[in-house]
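Please open the model in a viewer and keep the selection panel at hand.

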Amino acid sequence: MNISGLLLRGSAACLALLVATYYAMAQSRQPHELKLTPQNVHWGYYDATLKPALRIASGDTVRVETMVAGGVARLRAAGVLETEIPDSLKAVETAVTERGPGAHPLTGPIWVEGAEPDDVLEIKILGFEYLHPYGVTGFVPGRGTLPDEFPYSRFKLFRFDAARGITQFTPGVTLTLAPFFGSIGVAPNPIVRRVSSGPPGPHTGNLDNKELIAGSTLYVPVHAQGALLSIGDGHARQGDGEVTVTAIETSLRGTVQVILRKGMHLRWPRAETPTHYIAMGLHPDLDEAAKLATREMIDLLVAQKGLSRDEAYILTSLAVDLRVAQLVDDRKGVHAMLAKSIFSK
C-alpha cells in the first residue's frame, strides 16, 4: 500500500474514533429516566433499607416523575374526572399498598455512587413539567393552622394554563404558577430505620420551601451509604406557611442534576437561588426553628465569606430575612434568606 493509502486509512480510523467518542459523550449527557411506576415508588417514608430504584454517578442528571401527595383519592375528592387521571397514577394507587406514616408517594430511592455519611448532595433543580394540567388543594378536620375554625373538609380544583404559567383562583383572581418539589430527601441513618415523609428533619425531606423552583440548588446532608435520594410532593404554587397543610398539589416531572460534595459537612440542609443564599431551621417549636436558621446563616457567612461570628451575627440582623416555610408539620420550617447582591466577591 502506498503512503497516500496509509494516510487515508489512518484518517478514517481517527474519524471513526472521534465519532464514537462523540456519541459516547452525547449518551453520557442524556438524563436518566425515573418513571412513575409502582416499582419506583415508596409511599410515606424514607428508609435506608430500601432497594435503589436507580443508580447514578456524581454529576448525572435525572428526570423524575412524581405523584400528587395523597394519591388519586385526593384528585377524586376535588372533582377530577376519572378519564382525566393518568394511568400511571392509577397503577401506583392500586399496586403500592404499603403506606405511611406520611401521605407522600416518593419516587426513588436513587443510589449515588460513592456517597457516604457526612457527605453532601448538591441537587441542582433544572426544570419542571406537569403530568396532568390541574392541581388540587383544600383542608381537612384537625389539621392546618386554624383547625378549630375549620372543623370540616373542603377541596378545590385548579385548571392550569401551563403555556401562560397561570391558574384562576376565582373570576378576577389569577395566580402565577411556580412549581417545586415539596419533598426532597435522603435515607436517615440505618439505625433510625424508617421515618415519616411528613415532617422534615436532618434527612431533609418535606421542606415545603417555595424557593426551590427551577434554577435553585439544594444541599442535603448524607446519612447512609449511597444517600438514597427520594423526591415527591409536587406543588404548582404555595404561600409561605402552607397554612391549610396543602399547596396546589399536583404531579410533576422534574429534572435534577446530582453532584456529590466530599468535605462539605452540613448538619442541616441549605439552598441557593440565583439571587439568595438560604439557611434552614427545622424544629417543633417555631422559635427554635428560627434560632437554628439564624445559627446556620451565621455558619454560612463564617465559612463562605470569611466573617467572624460577631460580624456574621450583626450582618444577619441587618440583611437577612427570616421566613416561615411551613407551620403545619410536626417540625416547623424557617428559612433565612440573604441577597447575594450585597457581596462584591
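Burial is judged here by relative accessible area: buried means under 20%, exposed over 50%, and partly exposed in between, with a 1.4 Å probe and protein chains only. The model is predicted, so local features need pLDDT of at least 70 and side-chain atom pairs count only at pLDDT 80 or more, while totals for chains, interfaces and linings use all residues. Residues are numbered from 1 along each chain as its sequence is written, and side-chain values use heavy atoms, with hydrogens and water left out. Helices (H or I, at least four residues) and strands (E, at least two) are DSSP runs, numbered from the N terminus.

**Backbone geometry**

Select Asp233 in strand S16. Asp233 is not a glycine, yet its phi is positive, at about 60 degrees. With a relative accessibility of 2%, Asp233 counts as buried.

Then select Gly100 and Pro101, which are joined by a cis peptide bond with omega of about 10 degrees. Pro101 belongs to the loop between H3 and strand S6 (105-112). A cis peptide bond also joins Gly108 and Pro109, with omega of about 0 degrees. Pro109 lies within strand S6.

**Salt bridges**

A salt bridge is counted where a side-chain nitrogen of Lys or Arg comes within 4 Å of a carboxyl oxygen of Asp or Glu. The count by this rule is 24.

Display the side chains of Glu84 and Arg159, which form a salt bridge with an N to O distance of 2.5 Å. Glu84 sits in the loop between helix H2 (72-77) and helix H3 (87-95), and Arg159 in strand S9 (residues 154-161), so the pair ties together parts that are 75 residues apart in sequence. Glu84 is partly exposed at 24% relative accessibility, and Arg159 is partly exposed at 42%.

Continue to Lys210 and Asp240, whose side chains form a salt bridge at 4.0 Å, N to O. This pair links distant parts of the chain, 30 residues apart: Lys210 is in the loop between strand S14 (204-206) and strand S15 (217-221), and Asp240 in the loop between strand S16 (229-237) and strand S17 (248-249).

Finally, select Arg267, Arg270, Glu296, Asp299 and Arg309 together: salt bridges link them in a network.

**The H4 and H5 packing**

How far apart are the axes of helix H4 and helix H5, and at what angle do they pack? H4 (residues 286-305) and H5 (residues 309-319) have axes 9 Å apart, at an angle of about 125 degrees. H4 is therefore oblique to H5; angles under 35 degrees count as roughly parallel, over 145 as roughly antiparallel, 65 to 115 as roughly perpendicular and the rest as oblique. Axes are lines fitted to C-alpha atoms, for helices over the stretch in contact, and angles run from 0 to 180 degrees between N-to-C directions.

To view the contact (heavy atoms within 4.5 Å), select Thr294, Met297, Ile298, Asp299, Leu301 and Val302 of H4 with Arg309, Ala312, Tyr313, Leu315 and Thr316 of H5.
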